[in-house]
Amino acid sequence: MAKERRGFDTEAVHAGTPPDPLFGAVSVPIYQTSTFAFESVDQGAGRFAGTEPGYIYTRMGNPTVAALEDAVTLLEGGHGALATSSGMAAIVTVFFTYLQAGSHMVGTDSVYGPSRVVVEKYFSRFGVESSFVDTSDVSNIRAAIRPETTMLYIETPENPTIRLTDIKACTEIAEDRGLLLVVDNTFATPLLQRPIELGADIVVHSMTKFLNGHADVVAGIIVTSTDDQFRKLRAGLNHHGGCIDPHQAWLVHRGLKTLGLRLRQAQSNAMALSELLHDHPAVEWVRYPGAPDHPQRDLVERQMDGPGAVLCFGVHGGLAAGKRLMETVQLATLAVSLGGVETLIEHPASMTHASMAHEAREAAGITDGLIRLAVGCEAEADLLADIAAALDGLSDQHLETAGTPS
Ligand SMILES: Cc1ncc(COP(=O)(O)O)c(C=O)c1O
């Protein structure tokens, strides 16, 4: 009888944690080694040829890293996974492995800035062409595809605009046009969205964010849906060299065990904050997939098991007022990144997405007034009090300025 899929939290706690044959350690041991001894020349040769099981060299594989890869593979419903030194190393390894001179890729215009810049600035030097479009409207994808297009690269929810792209619709386009569909699932995590189950080929993550969850590690992962992709990407990663260190892998694996607990708490806080922002007179607009007025509510329901913990908003008074807000908050920390237990606030146009050209940013909806709030696990009342106090300060100042004779 097929083994029933256990609850997400059960899998997160136990996945990739094989019994330790040596001492019965409950936590996966850290194999902090660069290389592995062979018993004979023939055994070494066999390992290189792939005819003998066993490890060779940590850039090519390591038991502590493998434990983390097994856990993420299971949670994402994939075939295999390759952990990397950063989210960017995961993304670049996929591009490095699959894109070539003369090929063209279509991507989401408001992806994490460097994911786009690396294609437009660097891969273009090797003859790779690209079109970054608003993939929240899939007709833009169809319009951008050319005969030489080989890859569709989407991020949903998008960073930082919190727009969504329909993964199922992208799967159909990719199948129809023979494209490799790659999805950056960093914002949703497998708790809330499993792109491979919806038909995507490859998932990438910045594990720096929710999967690790403690703002203390930079790491990434590639999850494949087939053995062929796994083999190609394993070779690609080996030559690209962006492997993860075993100790980093162990830290991420430890963080992964509490993903459900952390993200549910952060999500519930985000919902409360989105309501506060929605009702506050100092706020001009707010976008959060959990809000009843998110323009893609239907898609949120169809594609996600929850709206996540990142939202964006703008305040009256534009960038100047936004800067005051970001410098007034006390509990939320003014810092880039997201997905940790601590709430972070940042200004994408001058920080995370500053490497994009100004026009490209504006066209992608990353306006100068957009503020990103990555909600953490603090007590809801404290977060609400912090953001409300900063917003009240803006309203007071707004009223004072409005009342000042010119
Ligand atoms: C959606 C998304 N993808 C990829 C990355 C890159 O990850 P890393 O910083 O781990 O290289 C980030 C980083 O912020 C991100 O937000």
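## The ligand site and its surroundings

Author: Helix H8 is where Thr 189 is found. The model is a predicted one, and the values below are computed from it. Although Thr 189 is not a glycine, its phi is positive, about 65°. The residue counts as buried because its relative accessibility is 0%, under the 20% cut-off.

Helix H8 covers residues 189-192, and the loop between strand S5 (180-184) and this helix holds Thr 186. Thr 186 also counts as buried, because its relative accessibility is 7%. Its side chain has two partners to note. One is the side chain of Asp 184, with which Thr 186 makes a polar contact at 2.6 Å. The other is the backbone nitrogen of Ser 206, which the side chain of Thr 186 reaches at 2.9 Å.

Asp 184 and Ser 206 are among the residues that come nearest to it, together with Gly 87, Thr 208 and Lys 209, out of 13 residues around the ligand. In the side chain of Asp 184, an N or O atom is 2.7 Å from a nitrogen atom of the ligand. For Ser 206, an N or O atom of the side chain lies 2.8 Å from a ligand oxygen atom. On its own the ligand has 390 Å² of accessible area, and the protein covers 92% of it.

As for the shell as a whole, its residues are six polar, four nonpolar and three charged. The element that gives the most to this shell is helix H4 (residues 87-98), with three residues. The ligand takes up the space of the second largest pocket.

Asn 159 also has a backbone feature: its peptide bond to Pro 160 is cis, with omega near 10°. Pro 160 belongs to the loop between S4 and H7. Pro 157 is placed in the loop between strand S4 (149-155) and helix H7 (167-177), and the bond from Thr 156 to Pro 157 is likewise cis, with omega near -10°.

Ala 215, not a glycine either, has a positive phi of about 50°. Its place is the loop between strand S6 (202-206) and strand S7 (220-224). Ala 215 counts as exposed because its relative accessibility is 56%, whereas Thr 189 counts as buried at 0%.

Notes:
Residues numbered from 1 in each chain as written. Predicted model: local features only at pLDDT ≥ 70, side-chain atom pairs only at ≥ 80, totals over all residues. Heavy atoms only, no water. Near = heavy atom within 4 Å. Polar contact = N/O pair within 3.5 Å; in protein donor to acceptor, adjacent residues only side chain to side chain. Areas by Shrake-Rupley, 256 points an atom, 1.4 Å probe, with all protein chains shown as cover. 1 Å grid on protein atoms, 1.4 Å probe; cavity = no way out; pocket = protein on both sides within 12 Å on 5 of 7 lines; lining within 4 Å. Sits in = over half its atoms within 2 Å of the grid points. Helix = DSSP H or I, 4+ residues; strand = E, 2+ residues; numbered from the N terminus. Nonpolar A, V, L, I, M, F, W, Y, C, P; charged D, E, K, R; others polar. Buried < 20%, exposed > 50% of the residue type's maximum accessible area, 1.4 Å probe, protein only.
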